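Take a moment with the sequence and the fold below.

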Amino acid sequence: MSERPAARTPRQELGTFLRSRRERLRPSELGLPTAPRRRTPGLRRDEVAELAGISSTWYAWLEQGRVRTSAQVLRAVARALRLDTAETAHVLSFVEETQPEAEPRTWVSRNLLTLVQSMAPNPAVVLDPHWDLLAWNAGYAALLTDPARLPPKRRNLLWLVFRWEPARTLLADWEREACALLGQFRAQAARHPQDRRYAEVVEEVLTDPDAARWYERRVTTGFQPAVRSFRHPLAGELRLRYVKLAAVDEPGHHFLAYLPDDRATEEAVCRLSGTE
């Protein structure tokens, strides 16, 4: 097994991300002159600094992970680098808080557990910040697989998508869905480079060649409510809307429900759970 890379600080992660986005831009895209022997891929640091209205030294320190900066400066840098909405949100998430984050619970309250069960026959699950599955109902087990049958370390949404082989046929557009989910997870993990559980999930998922390739490209996305299509071996074609809610009284926990988008899917979900 290859040696795990040394832990990096959030500032270093931010700096590496900014550099990757700087190097993908071309001067011609921004109306800048292109020198015949330009050695730097993409824009130079001083060009980004000028576009963002900050000093070139400060921007260099930002990429090197040496300074703490404000949301205002990061917004200016995001505009200079032509970041999209998800990438901008990712950059702004590195603004350092004055209060430390509370440790998420490893258990689910009775209220949240009752909510999950009350969603039946519609699939529902509770995720922690690492996307570990903390609670689920029979509908979720019928749609994917019963997490109780998996080792605890593999009861994880990202693991299911990349390492549970049936996911590639269950998700009608597996490549797009998997890449988007990996981008969401990467954005979260980058802010917690010393968190062991994030590192464990990433290490196992990256044994998949597709995941390794996409992760290296530093694809970053945010959660988007959408209708997702499934090809279930028993229920056939399903169209399910994802609804994701943060649990205010349980910091770090998210409630995720899969709601039928049409009558045929509603009937199929009932058949799956045996409630028809």
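Is Asn 122 buried or exposed? Asn 122 is buried, because its relative accessible area is 17%; buried means under 20%, exposed over 50%, and partly exposed in between, with a 1.4 Å probe and protein chains only. This is a predicted model, in which local features need pLDDT of at least 70, side-chain atom pairs count only at pLDDT 80 or more, and totals for chains, interfaces and linings use all residues. Residues are numbered from 1 along each chain as its sequence is written, and side-chain values use heavy atoms, with hydrogens and water left out.

Now place Asn 122. This residue sits in the loop between helix H6 (110-118) and strand E1 (124-127). Helices (H or I, at least four residues) and strands (E, at least two) are DSSP runs, numbered from the N terminus. Setting aside residues up to four places away in sequence, Asn 122 touches Asn 137, Tyr 258, Leu 259, Pro 260 and Val 269. Contact here means heavy atoms within 4.5 Å.

Step on to E1. Ala 124 and Val 126 point one way from this strand, Val 125 and Leu 127 point the other way, and all are buried. E1 pairs with E5 in the antiparallel sense over four bridges; two strands pair if DSSP finds at least two bridges between them. Opposite Ala 124 stands Ala 257 in E5. E1 also runs antiparallel to strand E2 (residues 133-136), joined by three bridges. There, Val 125 has Trp 136 as its bridge partner. E1 and E2 form a hairpin with five residues between them. In its turn, Trp 131 has a positive phi of about 70°.

Leu 158 belongs to the largest nonpolar core, which has 43 residues. Such a core is a set of buried Ala, Val, Leu, Ile, Met, Phe, Trp, Tyr and Cys residues joined through side-chain atoms within 4.5 Å. Tyr 140, Leu 158, Phe 162 and Phe 230 touch the most other members. Helix H10 (residues 174-190) gives the largest share of this core, seven residues. A second, separate core has 24 residues, including Tyr 59, Val 67, Val 73 and Ala 78.

H10 also holds Glu 177. Glu 177 counts as buried because its relative accessible area is 7%. Beyond neighbours within four places in sequence, Glu 177 is in contact with Leu 171 and Arg 228.

Where is space left inside? The structure holds four cavities of 30 Å³ or more. On a 1 Å grid over the protein atoms alone, a cavity is a set of points where a 1.4 Å probe fits but cannot get out, and lining residues have an atom within 4 Å of a point. The largest cavity has about 130 Å³ of space. Grid points are joined across faces, edges and corners, and a volume is the space filled by probe spheres set on the points. Among the lining residues of the largest cavity are Leu 171, Phe 230 and Tyr 258. H8 supplies the largest share of that lining, three residues.

Finally, step back. The chain has 13 helices and five strands. Buried residues make up 45% of its 276 residues.

Conventions:
1 Å grid on protein atoms, 1.4 Å probe; cavity = no way out; pocket = protein on both sides within 12 Å on 5 of 7 lines; lining within 4 Å.
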